[in-house]
Amino acid sequence: MSLTISQLSRCALPAVLAVASTLNPATATAAPASTNGGTVVPLRSILRTCDFNPLQWVGGENSAAVTSVIRAAGGTVTAEVHLSEPGSPGTHFDVSLIQAPRASSSPCGSGGPGVAVGSLDTDGAGQATATVQDRIQSGATGAWVLVQRPSPFSQTPTEFYTSDFVAPV
């Protein structure tokens, strides 16, 4: 049986995309899906620099399924982020919505221009949803999401997920 995105409920879409991205990563990156005026963006365990380039040889404990829906309207960009990590209740994650393009030397931490931050804390079933929004910066053409679980022992996060592609804004 084959379902199209329009046939899936809004609640089921993140879970379906998360499973699809783990089974066949090309499926998740082939073409951006759109829902309610937003772009569905799966996240994978790839740590990136602020200019969206992947970092090589960085590993972590990455077992969650993460998706986002990025929307732009009225001069604002919004990311609704869904994370599912069964067996990990009460786990804290930092979330960043990063506008692009940006130079690799531009800061992408809290307070940086074109960066909005928030947090996710999983419930008893390991599920979490957060919404992060920001004013669209002059010259921004897209946005992407970084979700990370800080490490108490290192500057490299213990767990991390970034958007598969930069969504248009």
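Are phenylalanine 52 and tryptophan 144 buried or exposed? Both are buried. The notes below return to this pair. Keep in mind throughout that the model is predicted.

1. **Overall layout.** The chain has two helices and 10 strands. In sequence order the pattern runs α-α-β-β-β-β-β-β-β-β-β-β. Of the 169 residues, 43% count as buried. The accessible surface is about 8,500 Å², and carbon and sulfur atoms account for 54% of that surface.

2. Take the contacts between residues at least 6 apart in sequence. Of these, 67% join residues at least 24 apart. One example of distance in sequence against distance in space is valine 166 with threonine 39. They are 127 residues apart in sequence, yet their C-alpha atoms are 9.9 Å apart.

3. **The largest nonpolar core.** This core holds 23 residues. Val66, Ile70, Val81, Leu97, Leu120, Val145 and Val147 touch the most other members. Strands S2, S3, S4, S5, S6, S7 and S8 each supply at least two residues. S4 (76–84) gives the most, with four residues. As a general point, nonpolar side chains tend to be buried together in soluble globular proteins.

4. Valine 145 is then in contact with residues including Leu43, Ile70, Val81, Leu97 and Tyr161. Its contacts also include Ser68, Ser96, Thr162 and Ser163.

5. **A second core.** A separate core has 10 residues. Among them are Phe52, Ile98, Cys108 and Phe160.

6. **The aromatic pair.** How many aromatic pairs does a search of the whole structure find? The search finds one. In general, such a pair is described by the distance of the centres and the angle of the planes. Here the rings belong to phenylalanine 52 and tryptophan 144, with centres 5.1 Å apart. Their planes meet at 70°, so the pair counts as edge-to-face; the cut-off for that label is over 60 degrees. The pair links distant parts of the chain, 92 residues apart. Tryptophan 144 is in strand S8, while phenylalanine 52 is in the loop between S2 and S3.

7. **More on phenylalanine 52.** Its relative accessible area is 16%, so phenylalanine 52 falls under the 20% limit for buried. The charged end of arginine 48 sits over the ring of phenylalanine 52, 4.0 Å from the ring centre. Phenylalanine 52 has a positive phi, near 80°.

8. **A cis bond.** The peptide bond from alanine 100 to proline 101 is cis, with omega near 5°. Proline 101 is in the loop between S5 and S6. For context, most residues other than glycine have a negative phi, and most peptide bonds are trans.

9. **Histidine 82.** This residue is in strand S4. Why does histidine 82 count as buried? Its relative accessible area is 19%, and buried means under 20%. The side chain of histidine 82 makes a polar contact of 2.8 Å with that of glutamate 80. Another polar contact, of 3.2 Å, joins the side chains of histidine 82 and threonine 129.

10. **Valine 166.** Valine 166 is in the loop between S9 (159–163) and S10 (167–168). At 32% relative accessibility, valine 166 is partly exposed. Leaving out residues up to four places away in sequence, valine 166 touches Phe52, Ala100, Gly142, Ala143 and Trp144. That list includes Phe52 and Trp144, the residues of the aromatic pair.

How values were computed
Residues numbered from 1 in each chain as written. Heavy atoms only, no water. Core = buried A, V, L, I, M, F, W, Y, C linked by side-chain atoms within 4.5 Å. Buried < 20%, exposed > 50% of the residue type's maximum accessible area, 1.4 Å probe, protein only. Contact = heavy atoms within 4.5 Å. Polar contact = N/O pair within 3.5 Å; in protein donor to acceptor, adjacent residues only side chain to side chain. Phe/Tyr/Trp six-rings, centres within 6.5 Å; stacked < 30°, edge-to-face > 60°. Lys NZ or Arg CZ within 6 Å of the ring centre and 35° of its normal. Areas by Shrake-Rupley, 256 points an atom, 1.4 Å probe, with all protein chains shown as cover.
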